[in-house]
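Me: Could you take a close look at one part of this model for me, the place where two chains meet? I'm new to this, so please spell out the terms as you go.

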Amino acid sequence: MHVETAQSNESANLQPDQKPLLRLKNVSKSFPGVKALDNVDLDVRAGEVHALLGENGAGKSTLMKILAGIYKPDGGEVILEDQLVTMSSPLEARDHGVLLIHQELSLVPDMSVAENVFLGNLPRFGGMLVNNRQLNQRCGEILERLNCKFQPTDPLGHLSIANQQMVEIARALVFQPKVVVFDEPTASLTDYEKVVLFGVIRELKESGTAIVYISHRMDEIFELSDRITVLRDGTYQGTFETAQTNEDEVTQCMIGRDLDADIEHEPPELGNKALKVDGLGIEGLYSDISFDVHVGEVVGFYGLVGAGRTEVMETIFGLRKPDTGSVQINGEDLVINSPCDAIDHGLGLVPESRKEQGLVLGMSCKDNTTLANISKFTKFGWIDTAAERTIFEEYMEKLRIKCPGWEYETLNLSGGNQQKVVIGKWLSTSPKILILDEPTRGIDVGSKSEIHHLIRELAKSGLAVIVVSSEMPEVLTVSDRIVAMYDGRITQCFDRNEVTEDTLIRAITGQTV
Amino acid sequence: MKALLDSFRPGLTNREITPLQFFGKHGITIAFFLCVVIFSLTTDKFLSTDNFFKVVMQASIIGTIALGVTFVVIGGNLDLSVGSLLSFATVLVVDLHDKVGPGMAIPLMFVFTLLIGSVNGFLIGYLRLNSLIVTLGMLSAIQGITLVYTGGKNVDISNDENTWFDIFGRGDLFGIPVPALIFIVSAIVLQVVLLKTSFGRKVFAIGGNGTAALFSGLRRNRLVFSTYLLSAFTTACAALILGSRVMGSQNNVGQGYELLVLAGVILGGTSLLGGSGSIVRTVIGVLILALIQNGLQLLGYPYYSQWLVTWVVIIAAVWLDIAAKRGKLFSSY
């Protein structure tokens with residue numbers, strides 16, 4: 001319903017100079033097991049900064065990748081200057097004047113700034129040798145426009161991340177783009193560098209370029225944008241004029257209200273302190289992290305990507321060495337040097353990235369399930385395959401893993417089922433403390449809710465559970481207590497019952513309360 | 001037996017299989033029988049027990065080394081040092097034979113060969129250096145050590161009548177040549193180790209996804225180390241066969257073996273990226289190389305023609321493998 005209101009309002013107010021330069025209509029995109037975008041609309045005018053807002057997994061990046069020709073949409077239209085266009089490769093998108101500035105930099109560190117800027121497009125003498133003078137001169141002009149202090153001849157690898165970001169922008173400017181998409185450009189920038197970047201974006205805007213700006217930092221969006229479009233779970237939620245709305249309204253729209261309704265939150269019967277972390281820190285990553293988790297409760301770690309949550313968990317699990325602080329398990333001071341130690345002490349970690357860290361994709365479901373405690377299934381070095389099958393089939397039933405059989409390669413499972421195999425792997429080690437890092441990232445709503453219920457049940461059955469998540473509904477659904485992190489430190493701890501979405505958002509964006 | 005049968009269908013899946021995928025999976029077995037059929041039809045000396053054992057004998061040295069190297073490659077690494085390691089081990093065992101007698105020479109040779117293997121394993125497993133660079137460096141370093149040791153001379157066993165050392169290369173048991181026996185028995189044992197023990201499972205895991213293996217509490221460094229010990233061990237076994245058969249050794253006798261070994265492993269379909277592979281298929285791969293060599297000799301082609309044919313066979317095998325994974329013969333970009 002929201003959709004219609006937003007659209008009709010707009011067409012009523014549409015003035016000649018506000019005609020959209022770029023229009024996405026009813027764009028849909030599915031990945032195996034997930035509907036990433038469902039009939040999403042977006043229109044961007046020349047000379048405006050249009051913010052695209054949504055939680056992780058809302059579909060922002062997917063939408064932009066469609067725009068940049070990296071993904072092909074399953075349905076819908078892309079209209080650029082009243083022309084229906086198809087963009088089936090980044091090259092084609094570039095030819096249409098649509099350029100994406102990536103979240104991860106895609107530069108070649110060993111080449112010079114100018115070579116990076118003109119990569120694939122180097123000015124040449126008669127089509128053969130690179131014309132270095134023209135290269136450096138043209139690059140210099142662009143750098144000047146961006147107020148950059150470094151030289152075209154500097155090796156890229158010597159620049160700071162912020163300056164590399166500038167090079168990435170310079171590279172886009174070579175093509176005199178009509179639309180520039182910034183995908184979370186400030187994630188790794190300092191405040192000063194941000195100011196410089198914003199200056200560049202404003203300058204681009206004034207020269208008539210349409211800018212799509214993706215971020216979930218409210219303050220930036222309100223500082224910079226003219227309009228805001230909100231996505232949630234792959235659906236279009238509405239478009240706001242920035243001047244006529246406020247953070248609350250937008251946040252509301254972004255989060256929605258459809259929490260897993262039937263999950264109850266009676267205060268848990270707290271058992272002993274299963275895990276106590278005191279003053280943990282690694283220089284440059286995070287500092288002074290202290291918290292504890294009791295038997296029978298779920299503690300949610302909420303924060304933006306890059307806040308240091310994953311690094312804290314990896315440290316507890318023995319994958320990183322802390323510079324300061326200590327970890328106690330069941331009241332015992334421990335030094336955990338490796339994941340192997342961690343498993344011996346009853347810890348389990350469902351990692352952030354199931355494909356890179358969770359599964360050996362080429363191995364079968366059964367083999368993955370027993371990987372973390374293969375020694376339990378081994379006598380004199382000999383694997384008891386029958387016992388392995390029994391345990392996998394047990395978890396297949398318990399976690400409702402949809403798969404044709406124990407010998408099926410995990411590569412071919414959907415995201416939700418892959419994640420359940422990873423969870424099964426850790427449950428089969430009978431952990432006392434289970435850490436789940438982004439347990440439902442990129443999986444469908446159904447599996448998501450199943451996993452949420454499972455997490456609650458695990459806590460009830462006597463586990464101490466930590467859930468790291470960037471999704472507010474998830475944190476609110478599963479946690480008994482919530483720890484908010486921002487920029488490598490804990491900003492606040494909340495009880496589930498006394499927290500509001502607003503205070504949470506403030507706590508994780510560093511706005512002091 | 002089931003272990004052996006299982007190995008013919010690595011990566012069990014329930015998907016329907018296209019003809020291309022079928023060739024990709026079973027191409028090596030088909031190629032093997034194709035070689036047998038072609039050579040049987042073109043030369044009548046080919047199909048005989050004598051010739052069969054000759055082929056297995058020819059394959060046994062490369063094959064035995066390839067068994068250990070298969071573990072290294074499944075674990076996601078390479079071992080190019082086996083060629084000069086073979087020279088080193090053969091020279092050592094032959095030279096020590098006259099000095100301390102075969103009873104001492106053999107264990108000493110094993111100790112020193114494993115020592116070199118553990119240097120590889122330490123550098124690649126614990127220091128996490130690139131295996132290609134480490135073993136390529138080792139290839140020349142070990143050759144250097146061997147040349148220093150021999151002073152550039154070749155070594156001989158002076159009295160080859162009066163020693164039991166010849167049993168490994170020239171003896172036979174129940175009518176089967178001992179080299180063939182060593183090769184076949186090691187292959188069966190290692191196939192079972194690969195498929196049925198937790199060590200084998202862990203090697204697949206570190207090669208398939210080292211990060212996930214680490215997150216699952218596997219000690220990646222120790223496992224990589226072990227695979228290099230294993231390849232040094234099988235290389236030592238091969239040196240035993242070689243030294244005993246020749247009863248002497250040139251100081252660079254193993255030169256070029258590293259590539260033949262790798263060719264056999266690749267031909268067997270073991271992925272150079274790690275995570276998949278099979279001992280049985282490596283055996284078939286090595287046998288194909290030996291068959292080609294043998295068949296071309298019987299047909300009267302010069303010795304060096306086999307190199308070209310081997311190259312063609314390897315390219316065809318790798319192409320089929322890639323094409324099967326990609327689902328089509330040519331890349332579209």
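Reply: Across the interface of chain A and chain B there are 2 salt bridges, a salt bridge being a side-chain nitrogen of Lys or Arg within 4 Å of a carboxyl oxygen of Asp or Glu. In one such bridge, the side chains of Asp367(A) and Arg201(B) come together at 3.3 Å, N to O. Keep in mind that this is a predicted model, where local features need pLDDT of at least 70, side-chain atom pairs count only at pLDDT 80 or more, and totals for chains, interfaces and linings use all residues. Residues are numbered from 1 along each chain as its sequence is written, chains are lettered from A and ligands numbered from 1 in the order in which they are written, and side-chain values use heavy atoms, with hydrogens and water left out.

How much of each chain takes part? Chain A brings 36 residues to the contact and chain B brings 23 residues, with contact meaning heavy atoms within 4.5 Å. On chain A's side, those residues split into 18 nonpolar, 8 polar and 10 charged. Here Ala, Val, Leu, Ile, Met, Phe, Trp, Tyr, Cys and Pro count as nonpolar, Asp, Glu, Lys and Arg as charged, and the others, Gly among them, as polar.

As for area, about 2300 Å² is buried between chain A and chain B, and carbon and sulfur atoms give 60% of that. Buried area is the accessible area (1.4 Å probe) that two parts lose on being put together, summed over both. Leu371(A), Ile383(A) and Glu407(A) supply 20% of what chain A buries against chain B, more than any other three residues.
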